[in-house]
Amino acid sequence: MNCVSPEPTIFEGETNRRITARALLRPTLEWLKLVVFDRQVHEVAPIPVTLNPSQEVRMAFLECAGRNRCIFDLVRRILGRVLGAAKDDVQLRYGNRFSNTVSAHFSRNGNQACIPNLLGLSAGEAAAFCMFANIIRDFDETRRPLNSFENIRGIVLVDEIDLHLHLNHQLRVLPRLIEAFPKVQFIITAHSPLFVMGMKEVFGDSGFEVRELPDGNPIDIEDFSEFEHAFGAFMRTNRFASEVLQQFATAGKPVVIVEGPSDKLHLLTAWKKLFPSNELPWSFEVSGGVGVDVKDGGADQLRTMLRGAAFHAQSPILGLFDFDKEGWPQFNSLRTTKGFEVVSDTHLKHKQRPVQSCLLPVPASREEFVDLDGKHFHLAIEHYYSDEMLRNAGLINQLPGGSRVFDIKSNGDKIGFAKSVEAFDPCEFENFRLLFDRLHALLGTCVTGPNSSKPAELELFQIVSDVGGTP
């Protein structure tokens, strides 16, 4: 005898519709036509009407507010939100059996609009309409009572809900479509920060929750990684580059743009240690912007800044890349940027604008860290310090195979280390002389006095030889 109780039924209703489909618009419209047909057959009743004293009788039709009428109106309101119709009101008109079309007529921004055939909706409009119309359709399949959005209950899972959608649909339309189903729990994945911002605008801070995958930890909107990526993309636009470059132009000195804020700290400290009596001949700036509190940056942003400089720069600018696996590809990609010409393997110069780019010069003690032929690049500005100092700071990421070559840990406290070098002895900064000599040569600056980084005649030789193509 089997004493095991059967599993309880956890669904009050179920749908037989194939949920996953590549083309949903046509079957959704066909289903809507069936709803209209059922309404006409079952919810519209003929009644006799006396029209005049002669007792002539004509037939009129009375429509009751039945289930099919409700479904039709809910779907119209969904389409209205997708199309941005005034008061979510869209009138649908059906063609005859020969044309077989469904057209939409509505008011938007004070103007009358018409879509002659809903099969002509954009991919984003069609996706949003079908997604939410089919929530109504699936709930209808359960045969549960249905006369308003409030009757529809359940859990809806949507993967990449923002796929194919216009920015306005992500920001404004999707949140309002979700709002239309107050008794449905939506579990959604998305990459769009605009969608998350729109959700906050509609639901406030407590009406929804954002979790970062894969850990599933609750986060604030502005901690959403895609939000930071999108903001970074804005920062990398030519418009941003031109505005920052205008600020660079007011520096009054040649500008050296570095990848990140720690690079700037190293250079400023090294100059003070090596040449305490000399004024700094350049303005060091971070690719993420101007000022001491800049936290953004990176090799890709430096490359974009230099591309923007090719359009806007009026005063000398030089981009300084690390000679590592991030800096080398971004530097090298400038070779294909219109206007830049190759002076050497480590130096590019624009033909019309006062814009240059170079890689960190390689000290003799770090020659193993760079091999152009072997395509391995491991030199960052931190490598200018001794191994002992880097090891004490926990920044060494040893490569396999017992090589002397090592990377700088990407998750190490690079800013903390850059601040700590203030306490180092000046001898720890000797490798920076090579870099400063390179900057003197490329930017034509000159430092005189006992602490000069190089003799004037050697500087002139370096400029001539560099133009000739020698690294």
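The buried residues of helix 13 are Phe432, Leu435, Phe436, Asp437, Arg438, Leu439, His440, Ala441, Leu442 and Leu443. Buried here means under 20% relative accessible area, exposed means over 50%, and partly exposed lies in between, with a 1.4 Å probe and protein chains only. Helices (H or I, at least four residues) and strands (E, at least two) are DSSP runs, numbered from the N terminus. Ten of the twelve residues of helix 13 are buried, and the helix is mostly covered. Helix 13 runs over residues 432-443, and its end C-alpha atoms are 16 Å apart, which agrees with the 16 Å that twelve residues should span at 1.5 Å a residue. The expected span of a helix is 1.5 Å times one less than its number of residues. After helix 13 comes glycine 444, with a positive phi near 70 degrees.

The model is predicted: local features need pLDDT of at least 70, side-chain atom pairs count only at pLDDT 80 or more, and totals for chains, interfaces and linings use all residues. Residues are numbered from 1 along each chain as its sequence is written, and side-chain values use heavy atoms, with hydrogens and water left out.

The chain as a whole has 14 helices and 20 strands. Of its 471 residues, 45% are buried. Contact means heavy atoms within 4.5 Å. Among contacts in the chain between residues at least 6 apart in sequence, 62% join residues at least 24 apart. The chain exposes about 25900 Å², and carbon and sulfur atoms supply 52% of this area. Accessible areas come from the Shrake-Rupley method with a 1.4 Å probe; for residues, only the protein chains shown count as cover.

Helix 9 can be read in the same way. The helix covers residues 299-312, has 14 residues and reaches 20 Å from its first C-alpha to its last, close to the 20 Å expected at 1.5 Å a residue. Ten of the 14 residues are buried, so helix 9 is largely enclosed by the rest of the structure. Among the buried residues are Gln301, Leu302, Met305 and Ala310.

What does alanine 310 touch? Leaving aside neighbours within four places in sequence, alanine 310 is in contact with Phe340, His350, Arg353 and Val355. Alanine 310 lies in helix 9 and counts as buried at 12% relative accessibility.

The loop between strand 11 (283-286) and helix 9 holds serine 287. Serine 287 is buried, with a relative accessible area of 0%. Not counting residues up to four places away in sequence, serine 287 touches Ile257, Val258, Glu259, Gly297, Gly298, Gln301, Leu302 and Met305. Of these, Gln301, Leu302 and Met305 are buried residues of helix 9.

Another loop, between helix 2 (67-83) and strand 3 (90-94), contains aspartate 88. Aspartate 88 counts as buried, at 12% relative accessibility. The side chains of aspartate 88 and arginine 81 are joined by a polar contact of 2.9 Å. A polar contact is a pair of N or O atoms within 3.5 Å; within protein, one must be able to donate a hydrogen and the other to accept it, and residues adjacent in sequence count only if both atoms are side-chain atoms. Residues up to four places away aside, aspartate 88 touches Arg76, Arg77, Gly80, Arg81 and Arg176.

Lysine 87 lies in the loop between helix 2 and strand 3. Is lysine 87 buried or exposed? Lysine 87 is exposed, with a relative accessible area of 82%. Lysine 87 has a positive phi of about 55 degrees although it is not a glycine. Most residues other than glycine have a negative phi. Asparagine 109, in the loop between strand 4 (102-108) and strand 5 (111-115), also has a positive phi, near 55 degrees. Asparagine 109 is exposed, with a relative accessible area of 73%.

Leucine 24 is placed in the segment before helix 1 (25-42). Leucine 24 is partly exposed, with a relative accessible area of 24%. The C-alpha atoms of leucine 24 and phenylalanine 129 are separated by 9.6 Å, and these residues are 105 residues apart along the chain.
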